[in-house]
Amino acid sequence: MPTCKICLKPFKTLRFQSPRVCVCGRCTNALNEYKQVAEISYQEVRELLLVGMLRRATIDISSPTVPIWKQQSAERILGNLESEVDKAFSKWVNKLVADKSNTTKNFKIIRAHRRGLLHLDRPHRWGYPNNWKEVAHKIRQLDNFACVSCSTNDEALHVHHIVYASNFGTHQNTNLITLCRKCHEKEHKRVLDFGENMSEPDELPIN
Ligand SMILES: [Zn+2]
Ligand SMILES: [Zn+2]
């Protein structure tokens, strides 16, 4: 069974599945509702570690039954709390992110960022890159010029952001997917009007 790379749960079918992308419907919807950059989630998770380390060290330093080395370590932590938290953070967060029982919003956001779907902080400018046409062409090529959702190859193929660009989704390969017009419209739950002649099939809805 395929596994969603964001919640780490197995599903019979995923909303988006290709060699580059494995994301379930719930995570797709959730990431598009949060409207948050990854940096905020990293900070919130770091805050948990800080509170935990502070509490632990406060107990250890005043307890006569803990060994000396532990009291010394508690002293060091209390003396340089921020930098001790920074030192411990990456190992700690890696362990949490690898654990599939961690399914809260912050973990989904951190995983989405690590897989290249979501920006770490707010991009300087919002919008499509100058080479968007080339980027979109490369995505269609990677998806063998077929809709990843229904496999059709006989319709105008759009390139869709799994996490919307307006929700701080990136223009990286792991966040872009080829969809036919029908599947794309289903994704945005509305008719996409690109004009009669579809001269700009790469143009994406602002959503
Ligand atoms: Zn998922
Ligand atoms: Zn389709």
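Here is a walk from the whole chain down to single residues.

**Zoom out.** Keep in mind that this is a predicted model. Trace the chain from the N terminus and the elements come in the order β-β-α-α-α-α-α-α-β-β-α. Now turn the view along the principal axes: the C-alpha atoms fill a box of roughly 80 × 40 × 25 Å. The radius of gyration is 22 Å, whereas a compact globule of 207 residues would have one near 17 Å. Colour by burial next, and 27% of the 207 residues come out as buried. As for contacts with a separation of 6 or more, 58% of them link residues 24 or more positions apart.

**Select 38–62 and 68–79.** These are helices H2 and H3, packed at an angle of about 135° with their axes 8 Å apart. That angle makes H2 oblique to H3. The crossing is left-handed. Which residues meet here? Show side chains for Met53, Ala57, Asp60 and Ile61 on the H2 side, then Lys70, Gln71, Ala74, Glu75, Ile77 and Leu78 on the H3 side. By class, that contact has 6 nonpolar, 1 polar and 3 charged residues.

**Select 105–114.** This is helix H5, and it's mostly covered, with 8 of its 10 residues buried. Pick out Asn106, Phe107, Lys108, Ile109, Ile110, Arg111, Ala112 and His113 to see the buried set. What sits over them? The cover includes helix H1 (25–34), H2 and helix H4 (81–98). Step just past the end of H5 to glycine 116, where phi is positive, at about 85°.

**Select residue 8.** Leucine 8 is not a glycine, yet its phi is positive, near 65°. You'll find leucine 8 in the segment before strand S1 (16–17). Is leucine 8 buried or partly exposed? It counts as partly exposed, because it has 19 C-beta neighbours inside 10 Å and the cut-off for buried is 20 or more.

**Select residue 168.** Last stop: phenylalanine 168 is another non-glycine with a positive phi, about 70°. Look for phenylalanine 168 in the loop between strand S3 (157–161) and strand S4 (176–180). Phenylalanine 168 is buried, with 25 other C-beta atoms within 10 Å.

Methods: Residues are numbered from 1 along each chain as its sequence is written. Chains are lettered from A and ligands numbered from 1 in the order in which they are written. Axes are lines fitted to C-alpha atoms, for helices over the stretch in contact, and angles run from 0 to 180 degrees between N-to-C directions. Helices (H or I, at least four residues) and strands (E, at least two) are DSSP runs, numbered from the N terminus. Angles under 35 degrees count as roughly parallel, over 145 as roughly antiparallel, 65 to 115 as roughly perpendicular and the rest as oblique. A crossing is left-handed if the near helix is turned anticlockwise from the far one by less than a right angle, and right-handed if clockwise. Two residues are in contact if their C-beta atoms, placed from the backbone, lie within 7 Å. Ala, Val, Leu, Ile, Met, Phe, Trp, Tyr, Cys and Pro count as nonpolar, Asp, Glu, Lys and Arg as charged, and the others, Gly among them, as polar. A residue is buried if 20 or more other C-beta atoms lie within 10 Å of its own, exposed if 12 or fewer, and partly exposed in between; C-beta atoms are placed from the backbone. The radius of gyration is taken over C-alpha atoms; the globule rule is 2.2 Å times the number of residues to the power 0.38.
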